[in-house]
Amino acid sequence: MDFGLVLQTDPPASAVVELMRRAERNGFGYGWTFDSAVLWQEPFVIHSQILARTERLIVGPMVTNPSTRTWEVTASTFATLNEMYGNRTVCGIGRGDSALRVAGRKPNTLARLEDAIDAIRDLAEGREAVVDGSPMRIPWIEDSRLPVWMAAYGPKALALAGRKADGFILQLADPFLTEWMVKAVRSAATEAGRDPDAVTICVAAPAYVGDDIDHAREQCRWFGGMVGNHVADLIGRYGEHSGAVPESLTAYIKERQGYDYAHHGRAGNPDTAFVPDEIVDRFCLLGPAEAHIEKLERLRELGVGQFAVYAMHDAKERTLDAYGEHVIPALTG
């Protein structure tokens, strides 16, 4: 199992770079950042600094979207980083949540996302692609490689990830829901004539190492609110009791009143009081290192190839060091 660190690009950028360096020293192989231009600093500028100051870390957004930047700009950015630092990038992509909604725009359709996945990958690897009806190719690209991993929750999005993506990003760490979604992705891959085991499964969720569970829950409750935005979209699309999505995912947002993106992804988010302790415990990894190891072993058995640690809480350094000392050796030994 690989491990990644996920951070928001809050200023100062130097602090983000230093935490990524600390993650690499502790055995993490991936460095991910949020990508919302209004809420945080520009991630790709910071990615360049992370790559320059690490040796092995693979870097990318979790996640970008097809609208904030044109597809050729996104592809050229990744290819430039690859040319400068070797092929050490990965493109996490989704329909767009905070990046678009905070700017008054709607998330992309799955059809547009599907076209973007193909075009960005092809352009970044030097092949011709069609963008807005025009064929184009970036002529200076030679040996660039760009895996594209897609974030998804609902049935149609999971099917798209299975058909097209090199990896699937699931932003929650509940074993029951992970099993359900991994099966959907792998079935879609098989139906598309792909090797289902070739699709990397990445679970991303807050991890908080410490003995005070009540405090850890309060530091990570924001995550249930963030996932709740996507769940609300699913209910709007499929209905509350359609059977298309497990009710163990949808039931907890009944008391959700709304969401202010000014607090997005932050401990103490006042819009996440509706998230019960049970959901925090299911979606996140809390407690001593041994508890993290136990849950991660269950996820690995379900085919999870990477666990990405959301570290938007007050125990970043302690959690990274505990993972380096205890958790990562137990899962990669």
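Author: Hi! One term to start: the expected span of a helix is 1.5 Å times one less than its number of residues. Helices (H or I, at least four residues) and strands (E, at least two) are DSSP runs, numbered from the N terminus.

Reader: Thanks! How far does helix α12 reach from its first C-alpha to its last?

Author: Helix α12 covers residues 289-301, and its 13 residues reach 19 Å, close to the 18 Å expected. This is a predicted model, in which local features need pLDDT of at least 70, side-chain atom pairs count only at pLDDT 80 or more, and totals for chains, interfaces and linings use all residues. Residues are numbered from 1 along each chain as its sequence is written, and side-chain values use heavy atoms, with hydrogens and water left out.

Reader: Good to know. Which residues are buried in α12?

Author: Ala-289, His-292, Ile-293, Lys-295, Leu-296 and Leu-299 are. Buried means under 20% relative accessible area, exposed over 50%, and partly exposed in between (1.4 Å probe, protein chains only). Just after α12, Gly-303 has a positive phi of about 105 degrees.

Reader: And α9, where does it bend?

Author: At Asn-229, by about 25 degrees; that is the angle between axes fitted to the seven residues ending there and the seven starting there. Even so, the end C-alpha atoms of α9 (residues 222-238) are 25 Å apart, which agrees with the 24 Å that its 17 residues should span.

Reader: What do the buried residues of α9 pack against?

Author: Their partners are α6 (155-164), β9 (200-209), α8 (213-220), α10 (247-250), α11 (277-283) and β11 (306-310), with contact meaning heavy atoms within 4.5 Å. Among the buried residues of α9 are Trp-222, Phe-223, Asn-229, Leu-234 and Tyr-238.

Reader: What lines the largest cavity?

Author: 35 residues do, with Arg-95, Gly-96, Asp-97, Gln-171 and His-230 lying nearest its centre. The largest cavity has about 480 Å³ of space, and α9 supplies the largest share of its lining, six residues.

Reader: How does that lining of the largest cavity split by class?

Author: There are 19 nonpolar, nine polar and seven charged residues. Ala, Val, Leu, Ile, Met, Phe, Trp, Tyr, Cys and Pro count as nonpolar, Asp, Glu, Lys and Arg as charged, and the others, Gly among them, as polar.

Reader: And how much space lies in the second largest cavity?

Author: About 30 Å³. Again α9 gives the most to the lining, with three residues.

Reader: Is Asp-132 buried or exposed?

Author: Asp-132 is exposed, with a relative accessible area of 68%.

Notes
1 Å grid on protein atoms, 1.4 Å probe; cavity = no way out; pocket = protein on both sides within 12 Å on 5 of 7 lines; lining within 4 Å. Points joined across faces, edges and corners; volume = space filled by probe spheres on them.
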